[in-house]
Amino acid sequence: MKAVAVTPGTPNSVHLEEIAKPTLDQVPNGNGVLVKVLKVGVDATDREINDALYGNAPTGDKHLVIGHECFGIVEAVGDNVRRVKPGDYVTATVRRPGGSIYDMIGTNDMTSEEEYYERGINLRHGFLTEYFVDEEEYIVRVPEGLKHLHVLQEPMSCAAKAVHQAYEAQHRMKVWRPSVAYVLGAGQIGLLTTLILKLRGLEVYTLARGEAPNLKAEIVTGLEANYISTRETSMAELVKITGKPDLIVDATGSSQLAFESMQHLGHNGVVVWTGITGGDKVTEVPSDSINLQFVLGNKLLLGSVNANRNHFEMGIRDLALGEMMYPGVLEKILTHPVDGLDNYKEMMRLLVEDKDALKVFVNVANE
């Protein structure tokens, strides 16, 4: 069957690869789920893997099948599978377990090992192919009523984890009632984080470079949040208007903005970094001032990457509630479909060249 893959370590190596169709017996003990892939989302991670900034092939292979945002339909299940059945719509988690205690209890996203395993990213093949098979544990059912949001399930899990981890960490405060939040970046993670924070009742300011009106601003205001163009209002200027925020979630992929955000956080607040920066940029920061503010203000910096099954399920619940509260808004994120695996060059062109491509996804197959 067809798959879109790269040769890790070789820039701009994306190509079509012929691989064997998987079978249920590849998963032991009757716990396998065979999924027909319907759609796969791609993002900056796939672009950076094609740039050879990171990513490794599974042992024994020279290629890595990319794509970690999947949506499909169950075609067959093993004898001991109970959570899903043929005909169910599903997505799949991305991280796979290593050997740490965190991996052993289902929190693969919190592994303490240096080496990690992620489908479509590192040492495990991804989903940009016609079929995949996986253990039942890593397959998450998607309600039929959300199938129109298909590839948003995986990025939503990342947004759900980032917010959830911030609240979990703030149990240290005994009482923490954040009221103002900044979301840096209005890509898919930033917009979905905006939704989650609005559902929690916060006053949300989503910052991005583009001047309104634009699609991102339309989505943010459709979620009853505040869109701020940083070309018109800097983060420092916004703080003078709103006061220092209790929570900042950075989803820009810019290390410079990530560090800048630390300077504007309120007392007892949390900054969550979700962006991956694969480059070698060096940024000068007022380190003494940040150090002083964080110590005297009991502030917290938190890194959050990928998600486990619980976060996927949290995200799906919030997507369902978001559709009820703000009908039709989230679907606007899905901007640029590409038909068929054969059109992988167009997929990559959109990722690299089209600045208006908010969400690129591949229509792999019909049901």
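**Entry 1: two helices**

I began with helix H4 (residues 188-199) and helix H9 (residues 309-325), which pack at an angle of about 75° with their axes 10 Å apart. That angle makes H4 roughly perpendicular to H9, because values from 65 to 115 degrees count as roughly perpendicular. I note here that the model I am reading is a predicted one.

Next I looked up which residues meet. On the H4 side I found Leu192, Leu195, Ile196 and Leu199. On the H9 side they meet Asp318, Leu319, Leu321, Gly322 and Met325. I sorted this contact of H4 with H9 by class and got 7 nonpolar, 1 polar and 1 charged residues.

**Entry 2**

I turned to an open sheet of 3 strands, whose order is E7-E8-E9. The pairing in this sheet is mixed. Which strands are at the edges? They are strand E7 (95-96) and strand E9 (123-124), and each of them pairs on one side only.

I then followed E7 to its neighbour, strand E8 (residues 117-119). E7 and E8 pair in the antiparallel sense, over 2 bridges. For Arg96 I wrote down the bridge partner in E8, which is Tyr117.

**Entry 3: the whole protein**

I recorded 10 helices and 19 strands as the secondary structure of the protein. Along the principal axes, the C-alpha atoms fill a box of roughly 60 × 40 × 40 Å.

I checked the radius of gyration against the rule for a compact globule. With 367 residues, such a globule would have a value near 21 Å, and the protein has 20 Å, so the two agree.

I also looked up burial, and 53% of the 367 residues count as buried. For contacts with a separation of 6 or more, I noted that 71% come from residues 24 or more positions apart.

**Entry 4: Lys2**

Is Lys2 buried, exposed or partly exposed? Its relative accessibility is 30%, so Lys2 counts as partly exposed; the class in between runs from the 20% limit for buried to the 50% limit for exposed.

I listed what Lys2 touches, leaving out residues up to four places away in sequence: Leu16, Glu17, Glu18, Thr129, Glu130, Leu341 and Asp342. I took Leu341 from that list and looked up its distance from Lys2. The two are 339 residues apart along the chain, and their C-alpha atoms are separated by 7.3 Å.

Notes. Residues numbered from 1 in each chain as written. Predicted model: local features only at pLDDT ≥ 70, side-chain atom pairs only at ≥ 80, totals over all residues. Heavy atoms only, no water. Axes fitted to C-alpha atoms, helices over the stretch in contact; angles between N-to-C directions. Helix = DSSP H or I, 4+ residues; strand = E, 2+ residues; numbered from the N terminus. Parallel < 35°, antiparallel > 145°, perpendicular 65-115°, else oblique. Contact = heavy atoms within 4.5 Å. Nonpolar A, V, L, I, M, F, W, Y, C, P; charged D, E, K, R; others polar. Pairing = 2+ DSSP bridges. Rg over C-alpha atoms; globule rule 2.2 N^0.38 Å. Buried < 20%, exposed > 50% of the residue type's maximum accessible area, 1.4 Å probe, protein only.
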